[in-house]
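Below are some notes on the fold, written as numbered points. They start with the sheet and then turn to the helices and a few backbone details.

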Amino acid sequence: MSDIETRRFAAHGLTLVGDVGGPEGAPVVVLLHGGGQTRHSWAGTMQRLIAQGYRVINLDARGHGESDWAPNGSYRLSDMAQDLRMVLDTVERPIALVGASMGGMTAFHAIGSSDRPIADALVMVDIVLKPAEAGAKRIQAFMRAYPDGFASVEEAADAVSTYYPERPRPKDVSGLRKNLRLREDGRFRWHWDPRILDMGQRAEPPGPFETLAMLASKVTLPTLLVRGGKSDIVDDAGVAEMVRLVPQTEIFDVPGAGHMVAGDMNDPFSAGMIAFLERHLPTGG
């Protein structure tokens, strides 16, 4: 398997950090995580894609993970879409964009607002143009819930387990450390800029979905919507609206998965996603 290396990408005065791996010259898959997450949420998926023969770029969005925080606190979806386009300018098509929640919104916005084709396939992971209100509010509440951080990684793991009971609490919580920063006051805080939540266009739903709906007619490339069977973000009404506005959308359900589909059920998720990609960006692998 190809080695994975960490690279830095210039994006409108910021530096974005991403992991890059897979054979040079192969079709490119860009992985875009959800709000409040980091690129590490795609670790298993990235390995599967590389093994299948894809070139993979797994990005930390601005204000997340190891990427720069915006000095002016600007985290509009249009900012993130511009960042993505600058990264895409460094690679050759064919390109597939795979985005979870905020990442899916970013990819959709970038495609719909571009004056030229920038990608050849789109995978929206548990996000639609009209998400369920109750689930969207629950995400917002969790992201705002711990402004003073946590005394330990274990305490943060307890908070995640309370918010996301669908996923068993791991016995070893050290992996969560990648999503936390130890501050000068000795407390752990999430590895993202809290100003994300101050923007009118927010990092996770509810957000600028009216804008996405207006751009939908320009999103004509092959599109896959992956829905977690236990998701409280994507409901039947949201799926129907997505198919109405983006009629080429295919639906792939992952039973047993919540909103964090790749983390909950990575094997079935990856298998379904790769089957879609192989039809539209074959590697011969």
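1. The open sheet holds 8 strands in the order 1-2-4-3-5-6-9-10, with mixed pairing. Strands here are DSSP runs of E with at least two residues, helices are runs of H or I with at least four, and both are numbered from the N terminus. Two strands count as paired if DSSP finds at least two bridges between them. Strand 1 (5–11) and strand 10 (249–254) are at the edges with a single partner strand each, so one side of each has no neighbour in the sheet. On average, neighbouring strands of this sheet are turned by 20 degrees against each other, direction ignored.

2. This is a predicted model, in which local features need pLDDT of at least 70 and side-chain atom pairs count only at pLDDT 80 or more, while totals for chains, interfaces and linings use all residues. Residues are numbered from 1 along each chain as its sequence is written, and side-chain values use heavy atoms, with hydrogens and water left out.

3. At one end of the sheet order, strand 9 (residues 223–228) and strand 10 run parallel and are joined by 6 bridges. Arg227 has Asp253 in strand 10 as its bridge partner. Helix 3 (residues 102–113) packs on the sheet and touches strand 3 (28–32), strand 5 (95–100) and strand 6 (121–125). The direction of helix 3 makes about 140 degrees with that of strand 5. Contact means heavy atoms within 4.5 Å; axes are lines fitted to C-alpha atoms, for helices over the stretch in contact, and angles run from 0 to 180 degrees between N-to-C directions.

4. Strand 6 pairs with strand 5 in the parallel sense over 5 bridges, and the partner of Val98 in strand 6 is Val123. Buried means under 20% relative accessible area, exposed over 50%, and partly exposed in between (1.4 Å probe, protein chains only). In a regular strand the side chains alternate between the two faces of the sheet. In strand 6, Ala121, Val123 and Val125 point one way, Leu122 and Met124 the other way, and all are buried.

5. How do helix 2 (77–88) and helix 3 pack? Their axes come within 8 Å and cross at roughly 75 degrees, which means that helix 2 is roughly perpendicular to helix 3. The classes are roughly parallel under 35 degrees, roughly antiparallel over 145, roughly perpendicular from 65 to 115, and oblique for the rest. Helix 2 contributes Leu77, Ser78, Met80, Ala81, Leu84 and Arg85, which meet Met102, Met105, Thr106, Ala107, His109, Ala110 and Ser113 in helix 3. The contact divides into 8 nonpolar, 4 polar and 1 charged residues. Nonpolar covers Ala, Val, Leu, Ile, Met, Phe, Trp, Tyr, Cys and Pro, charged covers Asp, Glu, Lys and Arg, and the others, Gly among them, are polar.

6. Helix 4 (133–144) is part of what covers the buried residues of helix 5, as are strand 7 (180–182) and strand 8 (188–190). Those buried residues of helix 5 (residues 153–163) are Val153, Ala156, Ala157, Ala159, Ser161 and Tyr163. The axes of helix 4 and helix 5 come within 11 Å and cross at roughly 165 degrees, so helix 4 is roughly antiparallel to helix 5. Arg138, Ile139 and Phe142 in helix 4 meet Ala159, Val160 and Tyr163 in helix 5. By class, that contact has 5 nonpolar, no polar and 1 charged residues.

7. Helix 1 (residues 43–51) packs against helix 9 (residues 266–280) at an angle of about 40 degrees, with the axes 10 Å apart. That makes helix 1 oblique to helix 9. On the helix 1 side, Gly44, Thr45, Arg48 and Leu49 take part, and their partners in helix 9 include Phe269, Met273, Ile274 and Leu277. This contact has 6 nonpolar, 4 polar and 2 charged residues.

8. Some backbone details deserve a check. The Arg93 to Pro94 peptide bond is cis, with omega near 10 degrees, and Pro94 is in the loop between helix 2 and strand 5. His12, in the loop between strand 1 and strand 2 (14–21), has a positive phi near 50 degrees without being a glycine. At 44% relative accessibility, His12 counts as partly exposed. Asp126 is also not a glycine and has a positive phi of about 55 degrees. Asp126 lies in the loop between strand 6 and helix 4 and, at 0% relative accessibility, counts as buried.
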